[in-house]
Amino acid sequence: MAAVGPAMALDYCPGCGRTVAPFELNEVGCGVCREEGRPFARVFRTAAYHGGFAEVFRRYKYVGHENLELFLARNLAREIFQSECYDDIDVLVPVPTCWQHRLRRNLQSSGQAFHPAEGLARLLSKHTSIPYAPLLNRIRGGRSQVGLSFTARLENVRGKFRLARGCQVAGGRVCIVDDIMTTGATVRECAKVLRRARASAVYVAVVARAGEDAASLNLV
Ligand SMILES: [Zn+2]
């Protein structure tokens, strides 16, 4: 097993999840997210998509590994517990995957259905006692985000998510759960849907935060 400690020990910006040095932060976040603005209150992450962790992450995402999934979920739960926001989260909501992407992943792997964000959100719920609810749906169409630039990713996911039929989030404090945040385009779009539905606060929890260089190299 590759060494994962260094990538998990790196400091990150709670505003956007990017790896930063502590002196780069102020109460709003790092220089990048102060400039960009964001539709979510803060990000929790387990590690940077970096070094040995990237190898471990790909095994978790594309092959599936029960113990590894549990390890990552526990560490993410700890991030939430240790924050000042634990009592402020009402529900964990996975980023939905469209059926075409799920099918392709199944064919590539062991043949078992595997959707990392769903599995992660369920485990996170178990370890934090915060309820799990799949409140978002993904509309058919669009392609995988892998290999797209930030602008193309934003365009690719625009209008692709909606609140599941009969669900309401007005006044609720929601934490979106996903396996990886690369440019942040997907979680931004999900957060916008939830804010439009009058969620009072939106948080994001991801296993790994990649740099934009990973997107440009078609790694994730
Ligand atoms: Zn930031």
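Of the 220 residues of the chain, 40% count as buried, a residue being buried if 20 or more other C-beta atoms, placed from the backbone, lie within 10 Å of its own, exposed if 12 or fewer do, and partly exposed in between. The model is predicted, and local features need pLDDT of at least 70, side-chain atom pairs count only at pLDDT 80 or more, and totals for chains, interfaces and linings use all residues. Residues are numbered from 1 along each chain as its sequence is written.

The chain holds nine helices and six strands, taken as DSSP runs (helices H or I, at least four residues; strands E, at least two) and numbered from the N terminus. Among them, helix 3 covers residues 51–63, and its buried residues are F53, A54, V56, F57, Y60 and K61. These lie on the same side of helix 3 because they cover an arc of only 165° around the axis, the arc being that of the directions from the helix axis to the C-beta atoms. The face turned away from this buried side carries the exposed residues E55 and Y62, and helix 3 is followed by G64, whose phi is positive, near 90°.

Notes: The expected span of a helix is 1.5 Å times one less than its number of residues.
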